[in-house]
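Subject: The structure, and what turned up in it

Hi,

Here is the structure I promised to pass on. Have a look at it first, and then read on for my notes.

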Amino acid sequence: MPKSTGQKLKILYLAKLLLERSDEKHPVTTKEAIDYLAAQGIRAERKSIYDDMAALEDIGMDIISIKEKPGGYYLASRQFELPELKLLVDAVQASKFVTTKKSRELIAKLETLTSHSEASKLHRQVVVAQRSKSQNEQIYYSVDEIYAAMAANVQIQFQYCEWSVKKELVPRKNGDFYHVSPWLLTWEDENYYLIAFDSDSDKLKYYRVDKMLHPEQTTTPRKGREEYEKIDVAQFAKKTFGMFAGEETDVVLKAELPMVGVMLDRFGIDVAMRPLDETHFRVRTRVDVSRQFFGWLTGLGKSVEIVSPVSVREAYQNYLKEILGEYEESRK
């Protein structure tokens, strides 16, 4: 009997059927496979289905064949398991630098990596509305352009913005372009940051990628390699608060015992820590002393105290007095 049309595509359609519609609770029967192929204009017999499933197994697809009636086939394993996809969906939803629109697009793509029935479980997990999200839809192209500039070893130019009361991104410096040498993209505090060397100030600076507009490569070679290679990237996030640079200083903190987890989360498992008394412990760590560091301490209230150096302790006292003074002044 002559072969029907589409036979060369038959095994590809069977693989597609298994990927999209099969899982342990929803095996595809031989009849369903034949009907599915018929809908694609491909005629198939039972024996050819058996042979094609065996061929798909030979190339590495983990296909389980169920002998008990009504029988069927399903993929036992995939490139991503459902718990892994749920984890990725959570990461996309939690990422502030990913816009709501892009979040939905990415999650829809993740759903294609499992069966339709399993994908519905991912869809029920989607709660993007009302989350704090970036409004800059160009961020993905910005990241791509920055990586391309780093690969080409050239500088970039861009407009850097800040939010206005009208909730609009307004370029700083009257719209003048910044020119920097990009060295590292890092994700911190749920935002994407660029670490770049600024030749005008002769130092490394940090820029939030979602606040960058129109980044473009230039033909100027990058500068600042020596400065970049001096930083310990692994320790960078531990000592920098809110990605605001400050004077790097060794500080000693006294904290109540319930704060142990807070300190480990902030400074890492290797931070120098020792018991002080029955209710307190002491932490020694290196931080960039800035108003953001003081703000973090303020949020911990009386549970954490700066012990040394005296200069940082006094600077923190002045920070608190300045805030209190504003409130006292407003009552007059």
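A word on burial before anything else: a residue is called buried when its relative accessible area is under 20%, exposed when it is over 50%, and partly exposed in between, using a 1.4 Å probe and protein chains only. What you have is a predicted model, in which local features need pLDDT of at least 70 and side-chain atom pairs count only at pLDDT 80 or more, while totals for chains, interfaces and linings use all residues. Residues are numbered from 1 along each chain as its sequence is written, and side-chain values use heavy atoms, with hydrogens and water left out. Helices (H or I, at least four residues) and strands (E, at least two) are DSSP runs, numbered from the N terminus.

Let me start with helix 2, residues 30–39, where E32 lies. E32 counts as partly exposed because its relative accessibility is 41%. Its side chain reaches the backbone nitrogen of T29 at 2.9 Å. That is a polar contact, meaning a pair of N or O atoms within 3.5 Å; within protein, one must be able to donate a hydrogen and the other to accept it, and residues adjacent in sequence count only if both atoms are side-chain atoms. E32 and L17 are 15 residues apart in sequence, with their C-alpha atoms 9.6 Å apart in space.

Helix 2 also holds both K31 and D35, four residues apart, or about one turn of the helix. These two form a salt bridge, with the closest N and O atoms 2.9 Å apart; the term stands for a side-chain nitrogen of Lys or Arg within 4 Å of a carboxyl oxygen of Asp or Glu. K31 is exposed, at 52% relative accessibility, and D35 is partly exposed, at 39%.

The structure holds 13 salt bridges, and two others deserve a mention. In helix 5 (residues 100–111), E105 and K102 sit three residues apart, about one turn of the helix, and their closest N and O atoms are 3.3 Å apart. E248 and R286 form another, at 2.6 Å between the closest N and O atoms. This pair links distant parts of the chain, with E248 in strand 9 and R286 in strand 11, 38 residues apart. E248 is partly exposed at 37% relative accessibility, and R286 is partly exposed at 36%. Salt bridges with shared partners join E248, D250 and R286 into one network.

Which residues touch the most other members of the largest nonpolar core? They are L253, M263, F293, F294, L297, V304 and I306, out of 21 residues in that core. Strand 9 (247–256), helix 10 (260–267), strand 11 (280–289), helix 11 (291–299), strand 12 (304–308) and helix 12 (310–330) each supply at least two of its residues. A nonpolar core here is a set of buried Ala, Val, Leu, Ile, Met, Phe, Trp, Tyr and Cys residues joined through side-chain atoms within 4.5 Å. A second, separate core has 18 residues, including V143, V154, F158 and L185.

Just after helix 11, G301 takes a positive phi of about 60°.

Finally, strand 6 (residues 191–198) has eight of its eight residues buried. N191, Y193, I195 and F197 point one way, and Y192, L194, A196 and D198 the other. In a regular strand the side chains alternate between the two faces of the sheet. Strand 6 runs antiparallel to strand 5 (residues 178–188), joined by seven bridges; two strands pair if DSSP finds at least two bridges between them. Strand 6 also pairs with strand 7 (residues 203–208), again antiparallel, over six bridges. Strand 6 and strand 7 form a hairpin with four residues between them, and D202 in the turn has a positive phi of about 60°.

Happy browsing!
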